[in-house]
Every structure is written in C-alpha cells, then in structure tokens.
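I opened the model today and kept notes as I went. The entries follow the order of my look-ups.

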Amino acid sequence: MNDGDHGEFVLHGNAGAARAFAEEMESSGTADRIRAEEGNVGYQYFQPLDDPETIMLVDSWRDQAALDAHHASPMMATIAELREKYDLHMRVERFVTDAAGVPSQDAAFIRA
C-alpha cells in the first residue's frame, strides 16, 4: 500500500449485529487504539442508507509495512473475537491511490 491507499471492509450481520460490532469497537476503545497505531492514516465506520445490516470500514495505512505490523498485533485477536461474537461475514476490497492524480476526463465530475 502506498500513502493514502486503503482497504474497504464490508461487514454483514443480522438483527443489528454489524452496527453493534462497530459500536463496541468504538465504545471499548479498540478503534481508538487502532487509530493510534504507527502508520495508521484512518479508521472509520460507515453504514449504507439502504442496508441496516451492513457496516463498511475504511481502513487506511501509510504503507504495507504498517499494515503488516497491524496484522501481527494483538489487536487482530480482539477484532476476530468481536466478529465471532456478532457472527459477521466480511468482504474486503483494496484500493490504490493513482500517483498521477485524477484523470482529466474524470476531473469535471469532482468538486474539491
């Protein structure tokens, strides 16, 4: 991962489980501890307006080494325990920043 690259984690559960997971990650301080890890650029939860059973996490790291250190940390066991507790299923997508910037044909659609 390069500067600004991120992963999107889509967590799906039933009966409000995905939202309860995100709320516990925040209220327990786990999300704040992840945000404080060396190399973390961002860690935010979002919920689609049309799907109350899904939570999306955008997780950004300075580089692959920072992400690898996070994956090797005890924090991952905490996250895994909570995913099991709430019986969540997950899909992951990774995004890479375009070093050249926004293509000119797309720039007209972006309001900075």
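**Entry 1: the pocket**

I began with the lining of the largest pocket. Helix α4 gives the largest share of that lining, three residues. I kept in mind that this is a predicted model.

I noted 13 lining residues in total. Phe-9, Leu-57, Met-76, Ile-79 and Arg-83 lie nearest the centre of the pocket.

I then sorted the lining by class. I found nine nonpolar, two polar and two charged residues. The volume came out at about 170 Å³.

**Entry 2: His-70**

I turned to His-70, which sits in helix α3. Is His-70 buried or exposed? Its relative accessibility is 3%, and the cut-off for buried is under 20%, so I logged His-70 as buried.

I checked its side chain for a polar partner. The side chain of Glu-37 makes a polar contact of 2.7 Å with that of His-70.

I also listed the contacts of His-70, leaving aside neighbours within four places in sequence. I wrote down Ile-34, Glu-37, Trp-61, Met-75, Met-76 and Ile-79. Two of these names, Met-76 and Ile-79, were already in my notes as residues nearest the pocket centre.

**Entry 3: the buried side of α3**

I looked along α3 for other buried residues. Ala-66 and Leu-67 are buried, as is His-70. Why do they fall on the same side of α3? They do so because they cover an arc of only 100 degrees around the axis.

I asked what the buried residues of α3 pack against. The partners are α2 (30–35), β3, α4 and β4.

**Entry 4: positive phi**

Last, I looked up positive phi values in residues other than glycine. I recorded Ala-15, with phi near 55 degrees. Ala-15 lies in the loop between β1 (6–12) and α1 (17–27). Its relative accessible area is 79%; exposed means over 50%, so Ala-15 is exposed.

I also recorded Asp-87, with phi near 50 degrees. I placed Asp-87 in the loop between α4 (75–85) and β4 (89–95). Is Asp-87 buried or exposed? With a relative accessible area of 52%, against a cut-off of over 50%, Asp-87 counts as exposed.

Definitions and conventions. Residues numbered from 1 in each chain as written. Predicted model: local features only at pLDDT ≥ 70, side-chain atom pairs only at ≥ 80, totals over all residues. Heavy atoms only, no water. Helix = DSSP H or I, 4+ residues; strand = E, 2+ residues; numbered from the N terminus. Buried < 20%, exposed > 50% of the residue type's maximum accessible area, 1.4 Å probe, protein only. 1 Å grid on protein atoms, 1.4 Å probe; cavity = no way out; pocket = protein on both sides within 12 Å on 5 of 7 lines; lining within 4 Å. Points joined across faces, edges and corners; volume = space filled by probe spheres on them. Nonpolar A, V, L, I, M, F, W, Y, C, P; charged D, E, K, R; others polar. Polar contact = N/O pair within 3.5 Å; in protein donor to acceptor, adjacent residues only side chain to side chain. Contact = heavy atoms within 4.5 Å. Arc of directions from axis to C-beta.
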